[in-house]
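We will begin with the whole chain, then select a few pieces in turn.

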Amino acid sequence: MLLLRRFYSSSQRIAHIAKSHKPGDSLSLQGWIQNVRRLKNNTFLDISDGSTSSRFQVVVPRTPENQHLAPGSVISAAGQIQVAPNGSFELHADRVELLADGHLQEGYPFSPKQKHPPEYVREHLHLRSRVGYIAAQLRVRHKAQKAIHDYMDELEFVQINTPLLTTNDCEGAGEVFRVQPDSAALLKQMERPNVPTEQSYFDDKVFLSVSGQLHLEAMSYGLGNTYTFAPAFRAENSKSPLHLAEFYMFEAELAHMEELEKLSLFIEQMIKSITNRLLETSSEDLNFCQRNADSPADLAWLQVPWIIMSYDEALKVLQDNKDSLKTPISLTDGFSKDQELFLVSHCAAPVFVVDWPKQQKPFYMKVSRSNPNLVHALDLLMPSVGELCGGSLRESDAEMLRSHPQLPKNLSWYVDLRKYGGIPTGGFGLGFERYLQLVTGIKNIRDVIPFPRYPHSCKM
């Protein structure tokens with residue numbers, strides 16, 4: 001361990017230089033040359049090492065030995081820190097070593113001085129981490145995940161690794177990807193009586209998970225409060241800037257949760273807390289993303305209480321303002337994004353829409369005992385992205401769950417949870433990429449995930 005620390009501390013990450021050094025200190029660093037300016041006596045190199053959206057200037061004497069330095073090249077430099085005319089630190093190097101040639105003249109798709117449109121950048125997934133705003137949002141993504149894990153750990157939630165392969169469609173919408181071996185010979189070899197050949201590996205239909213919720217509930221009945229952070233998959237024919245075929249879901253399950261208002265308050269406090277933590281750790285990258293996306297940096301929803309309104313109240317607001325809406329109101333399909341954003345604007349705050357019509361929601365949501373046509377469900381609507389979270393109280397009555405017409409046939413185990421010492425629970429799922437869009441201002445969800453998968457595109 002000591003040797004590793006010495007090795008990694010031999011070169012300083014650019015993000016930490018201003019915090020841990022002063023003028024006159026010796027410094028060595030490694031990074032990619034972003035830009036080169038040659039004057040009479042000195043050559044000025046803008047260096048990036050991926051740790052920050054700010055470039056760092058290295059000054060080297062203009063000599064024949066340094067003429068080969070060019071954008072894209074990887075260098076190691078050592079010297080002394082000085083203060084540049086603009087007040088920033090810079091490195092006056094007495095040693096520069098070329099570690100790798102950039103070869104940017106040989107088909108490299110990104111010009112160092114040009115701002116490329118996201119659609120073009122997206123065509124080169126293997127190289128786009130070198131583009132400034134992509135690198136910035138990937139660092140934000142990392143810090144946001146850490147903030148979530150830290151927050152949940154402080155509240156003593158147990159993280160559960162829910163499976164990606166499953167025999168159930170949690171949402172019941174049929175938007176699932178089937179999974180089976182590609183080898184016909186293997187399937188033939190594993191055939192069993194009364195099992196279709198395509199199912200012979202698992203003896204059942206198996207899908208990529210659309211949600212870890214049902215498995216999370218099973219764990220909560222023995223562990224109490226739990227959460228998961230995992231990929232989810234939806235086979236939707238959508239090219240919307242808010243949808244992906246593979247995305248990440250943060251899901252939590254709270255034991256002994258019996259009030260939707262308390263669940264809403266937990267979600268509000270959690271999102272505000274992790275966002276404030278993100279502002280503390282990643283303000284530079286957040287501002288960089290917002291400037292690149294031409295999005296205002298105002299996160300006013302952090303400072304205001306969020307609104308809770310019933311589905312019926314929200315529907316009335318929309319009906320009273322139908323001339324201001326771009327899409328027709330449906331009484332069977334929920335609200336469109338246009339309508340969600342109208343509700344947020346109308347309330348001047350994020351909105352929890354609660355107590356939804358039973359026919360619009362999945363089987364596991366708790367039916368209102370005072371009005372059996374409603375379920376205790378919530379959708380959280382936020383500025384710019386619309387729905388960010390969906391959640392509910394879970395049906396805790398085994399007989400009511402067993403008699404639900406939408407209960408899948410292979411979920412007897414789910415009913416058994418209520419049979420053997422059942423407790424009331426409630427939970428929610430948050431689309432992580434949509435959250436990143438919310439805080440960075442990036443318009444297209446394909447640009448807040450490293451390798452986006454969507455209809456007609458699964459590159460690399």
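What you have open is a predicted model, in which local features need pLDDT of at least 70, side-chain atom pairs count only at pLDDT 80 or more, and totals for chains, interfaces and linings use all residues. Residues are numbered from 1 along each chain as its sequence is written, and side-chain values use heavy atoms, with hydrogens and water left out.

**The whole chain**

Zoom out. Along the principal axes, the C-alpha atoms fill a box of roughly 85 × 60 × 45 Å. Colour by secondary structure to find 12 helices and 15 strands; these are DSSP runs, numbered from the N terminus, with helices (H or I) of at least four residues and strands (E) of at least two. Of the 460 residues, 50% count as buried, where buried means under 20% relative accessible area, exposed over 50%, and partly exposed in between (1.4 Å probe, protein chains only).

**The barrel**

Now select β1 to β5. These 5 strands close into a barrel in the order β1-β2-β3-β5-β4, with mixed pairing. From one strand to the next, the twist averages 55 degrees; axes are lines fitted to C-alpha atoms, and angles run from 0 to 180 degrees between N-to-C directions.

Next, select residues 26–38 (β1) and 42–48 (β2). They run antiparallel, joined by 6 bridges, and form a hairpin with 3 residues between them. Two strands count as paired if DSSP finds at least two bridges between them. Show R37 and R38: the bridge partner of R37 in β2 is F44, while R38 stands opposite T43.

Is β2 mostly covered or open? Covered: 6 of its 7 residues are buried.

**A stop at R139**

Finally, select residues 132–154, helix α4, and find R139 there. R139 is buried, with a relative accessible area of 15%. Which residues touch R139, leaving aside neighbours within four places in sequence? Display G50, S51, T52, S53 and D285; contact means heavy atoms within 4.5 Å. To end, draw a distance from R139 to G427: their C-alpha atoms are separated by 28 Å.
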